[in-house]
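Please keep the sequence and the coordinates at hand while reading.

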There are 2 protein chains.
Amino acid sequence: MSIIMHDLAGADPDLRFSPFCWRTRFALAHKGLPVETLPWRFTETSDIAFSDQALVPVIRDGDKVVSDSWAIGRYLEDTYPAVPIFGGPQARAHARFINAWADSVLILGIARLIVRDIFDIIDPKDRDYFRTSREGWFGVTLEAFQAGREERLAGFQESLSPARLVLRHQAFLGGTAPSYADHILAGTLMWPRCASRFPLLAQDDPVAIWFGKMLDAYGGLGRGAKTP
Amino acid sequence: MSIIMHDLAGADPDLRFSPFCWRTRFALAHKGLPVETLPWRFTETSDIAFSDQALVPVIRDGDKVVSDSWAIGRYLEDTYPAVPIFGGPQARAHARFINAWADSVLILGIARLIVRDIFDIIDPKDRDYFRTSREGWFGVTLEAFQAGREERLAGFQESLSPARLVLRHQAFLGGTAPSYADHILAGTLMWPRCASRFPLLAQDDPVAIWFGKMLDAYGGLGRGAKTP
């Protein structure tokens with residue numbers, strides 16, 4: 001029986017752009033676990049009320065319900081240890097740092113580059129919620145938050161330096177093969193890819209070259225995802 | 001026979017303040033490997049010419065010579081696998097990200113807070129080299145680079161967010177016990193501790209609390225180190 005996953009979608013149900021849902025999609029694919037994704041919109045909180053919270057990803061695996069991408073990663077590794085995404089307790093502990101780095105540095109940096117673009121692709125019924133919640137966090141309008149992005153692009157690219165330095169020495173953040181660390185970063189970069197047409201990386205950036213390999217991994221799961 | 005390590009020292013040979021040498025000191029202590037440290041100054045490159053490069057740490061383990069803290073960490077783990085500092089290939093690959101983050105984000109951030117203080121504690125014979133090399137990198141004088149540090153302190157503390165987020169959930173970056181990831185961050189924070197009196201962290205910062213545990217670890221190795 002497939003795992004069921006609620007997956008953030010745009011007005012077009014085939015546009016799947018959540019950086020957290022993509023981490024889970026890559027982890028499931030890594031382990032070869034079949035998944036049935038259900039398109040979900042920000043305001044459909046009643047549809048995931050069974051998870052006792054209001055955000056995706058949420059997975060249902062038989063009777064088991066797990067929300068939060070990091071918790072799902074741990075659940076999958078503990079429940080389906082074959083084809084590990086971590087590779088031991090220290091590797092998992094260290095991956096948590098990479099997860100925290102992506103959440104604190106990259107998510108904010110990318111939001112400042114594409115948040116107004118996201119508004120254009122989400123379902124019309126989500127727009128009031130999206131604008132009100134994000135403008136509350138940022139303290140300015142979506143338009144103001146994204147304004148001047150061309151000037152901020154170099155700073156965002158600079159914030160990827162730790163990944164770039166590592167990828168000079170190893171093929172993947174996980175070493176010779178992808179690990180959940182790669183799912184974290186690739187999942188995060190699926191967000192701008194699937195919600196915006198604004199290019200974030202130069203083609204010859206080692207991070208872009210690595211991301212190309214991640215797009216092709218798992219049968220081209222990322223490469224095949226619909227983009228705006 | 002002890003491992004011999006060339007260790008950056010100030011005018012006072014007991015002031016040991018290199019963030020890279022401290023990573024190695026913690027890793028050696030973690031493995032219970034005895035070490036004899038030799039105080040070394042920036043301009044004493046002829047003393048480490050046997051390593052075919054000009055930076056410390058350099059270790060000599062019998063006939064084996066290894067330089068560069070990351071290469072030394074790998075060497076120690078491969079040669080003395082008992083009491084691991086990584087804990088498997090994925091953990092090592094993920095730790096490399098944390099090493100790159102410390103090198104690219106923290107080293108620059110800390111330099112902007114204490115570089116002029118370092119000038120005051122280094123050996124007088126090193127001062128021309130130190131000023132010329134650092135002013136060449138930064139494009140401004142040491143004094144200008146450090147100026148206004150009080151206003152930049154909050155930004156530096158913010159740059160530690162990934163570590164802070166992780167330490168909310170686990171005792172050490174390595175999980176339930178220190179790993180080389182902890183040696184990287186603690187070693188990096190030994191630099192301002194042993195070269196400056198400018199306080200970088202609020203006492204109630206989870207990073208400061210964790211650093212206190214690392215200072216006490218390994219028989220109080222960090223706690224006992226001389227400070228200016």
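The structure is a predicted model, and over all chains it holds 30 salt bridges.

**Salt bridges in chain A**

- The side chains of A:Arg41 and A:Asp123 form a salt bridge at 3.9 Å, N to O, and both residues are buried.
- This pair links distant parts of the chain, 82 residues apart, with A:Arg41 in the loop between strand E2 (35–40) and strand E3 (58–61) of chain A and A:Asp123 in the loop between helix H3 (89–121) and helix H4 (127–138) of chain A.
- A:Asp205 and A:Arg164 also meet in a salt bridge, with their closest N and O atoms 2.8 Å apart; A:Asp205 lies in the loop between helix H8 (180–195) and helix H9 (206–220) of chain A, while A:Arg164 belongs to helix H7 (residues 161–167) of chain A, 41 residues apart.
- Both A:Asp205 and A:Arg164 are buried.

**Salt bridge in chain B**

- In chain B, the side chains of B:Arg41 and B:Asp123 are joined by a salt bridge of 3.9 Å, N to O, which connects parts of the chain that are 82 residues apart, and both partners are buried.

**Helix contact in chain B**

- The axes of helix H8 (residues 180–195) and helix H9 (residues 206–220) of chain B come within 10 Å and cross at roughly 95°, which means that H8(B) is roughly perpendicular to H9(B).
- Residues making this contact include B:Leu185, B:Leu189 and B:Arg193 of H8(B), together with B:Trp210, B:Phe211 and B:Tyr218 of H9(B).
- By class, the contact residues comprise 10 nonpolar, 1 polar and 2 charged.

Methods: Residues are numbered from 1 along each chain as its sequence is written. Chains are lettered from A and ligands numbered from 1 in the order in which they are written. This is a predicted model: local features need pLDDT of at least 70, side-chain atom pairs count only at pLDDT 80 or more; totals for chains, interfaces and linings use all residues. Side-chain values use heavy atoms; hydrogens and water are left out. Axes are lines fitted to C-alpha atoms, for helices over the stretch in contact, and angles run from 0 to 180 degrees between N-to-C directions. Helices (H or I, at least four residues) and strands (E, at least two) are DSSP runs, numbered from the N terminus. Angles under 35 degrees count as roughly parallel, over 145 as roughly antiparallel, 65 to 115 as roughly perpendicular and the rest as oblique. Contact means heavy atoms within 4.5 Å. Ala, Val, Leu, Ile, Met, Phe, Trp, Tyr, Cys and Pro count as nonpolar, Asp, Glu, Lys and Arg as charged, and the others, Gly among them, as polar. A salt bridge is a side-chain nitrogen of Lys or Arg within 4 Å of a carboxyl oxygen of Asp or Glu. Buried means under 20% relative accessible area, exposed over 50%, partly exposed in between (1.4 Å probe, protein chains only).
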